Amino acid sequence: MKTKSLFSPTNLALLSVAFVSLVLMSPKWTLAIMAWIHYAVLVRFYRDNNWKGFLLSIPILTIAAIISQYEVVPMDPVSLAVFMLIANTIGLLPFVVDRLTFKKLPGWAATLVFPAFSTLFSYLMDMGPQGTWSNSVYTQFHFSPLMQMAAVTGIYGICFMMFWFASSVNYWVECRREDKPMGKGVYAMPAIMGLVLLMGTGRLMQSTDSKATVGVATITMDNISVFEEMYNTAFDTTIVLPKNLAQSDPLLAEVNKGMFAFMKNPEDPKFASVYEKMDDLFQKYLDATSQAIAENAKMITWSEAAILNIK
């Protein structure tokens, strides 16, 4: 197969779709189907192009990622741009592996390389300090039958299915383009996907009789006072954060300086008032938990990063 001109109509169309789909995967819009489209068109683009295609895609996808994550990721615009440039460059690795191997495996077996490596890559990235923050599975939270798979495989089973869809679609495209038989293996992905959705739907349709239900509660508290105290103590000044502070507000970046100062030297006696604020917040969570238990909650969750524990 001949490599297309980098700026061919097909390549430009694929990059345009990749750009738009990445933007619409944002938590600000979260259109589930866009994640499936995004990976499918990127696999096609990278398979059709050499290293120049990879280089061209980096700034395009970085801009899309900035638009997607602006006012979502708690960073100022410059830091966000740098972070997204690095993240999108590293994120090319699964596509590089797929580009180098998809022609070397026989037939349908080649569809398993991209999902296997991409799922492993997602898992390893999620072990970093950011956790699962950017995992594309979160785009599927409205897709309830599919989300039931997480009860069996965790989120990485869903990852695998999304990536397998991308490589399977491209296998079908390549067979049609080269006029070669696809073989029965091509039905594996849709068959397993159908089974997953059938089981997920069945799980959702299980009896909701009151005897089989479990009381749940979610507890969240305003922790702004803790971060204000960190800043005020660290810099011997006063900062007051508004209740409706946006994630991209420069004030958030400023107050984080106090947290970094605190974490750098948490044993400093001057931070005693910070620990008092933290203890007060912790006690509020405990009190609210006790109340939820009294109201028959059997499963109780706290918000992410509810409690800071430095010592």
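Student: What separates lysine 257 and glutamate 254 in helix H12?

Tutor: Lysine 257 and glutamate 254 are 3 residues apart in helix H12 (residues 250-264), so about one helical turn lies between them. A helix is a DSSP run of H or I with at least four residues (a strand is a run of E with at least two), numbered from the N terminus. The model is predicted: local features need pLDDT of at least 70 and side-chain atom pairs count only at pLDDT 80 or more, while totals for chains, interfaces and linings use all residues. Residues are numbered from 1 along each chain as its sequence is written, and side-chain values use heavy atoms, with hydrogens and water left out.

Student: Why is the pairing of lysine 257 with glutamate 254 called a salt bridge?

Tutor: The term requires a side-chain nitrogen of Lys or Arg within 4 Å of a carboxyl oxygen of Asp or Glu. The closest N and O atoms of lysine 257 and glutamate 254 are 3.0 Å apart, so the pair qualifies.

Student: What makes lysine 257 and glutamate 254 partly exposed?

Tutor: Buried means under 20% relative accessible area, exposed over 50%, and partly exposed in between (1.4 Å probe, protein chains only). Lysine 257 has 43% and glutamate 254 has 26%, so both values fall in the middle class.

Student: How do you know that arginine 47 and aspartate 98 are buried?

Tutor: Arginine 47 has a relative accessible area of 4% and aspartate 98 one of 2%; both are under the limit and therefore count as buried. These two residues also form a salt bridge, with the closest N and O atoms 2.8 Å apart. Arginine 47 is in helix H2 and aspartate 98 in helix H5 (residues 93-101), so that distant parts of the chain, 51 residues apart, are linked.

Student: Why is the pair of arginine 44 and glutamate 174 said to tie together parts of the chain?

Tutor: Their side chains meet in a salt bridge at 2.9 Å, N to O. Arginine 44 belongs to helix H2 (residues 32-48) and glutamate 174 to helix H9 (residues 155-178), so the parts joined are 130 residues apart in sequence. Both residues are buried. A network of salt bridges links Arg44, Arg47, Asp48, Asp98, Glu174 and Arg177; in total, the structure holds 7 salt bridges.
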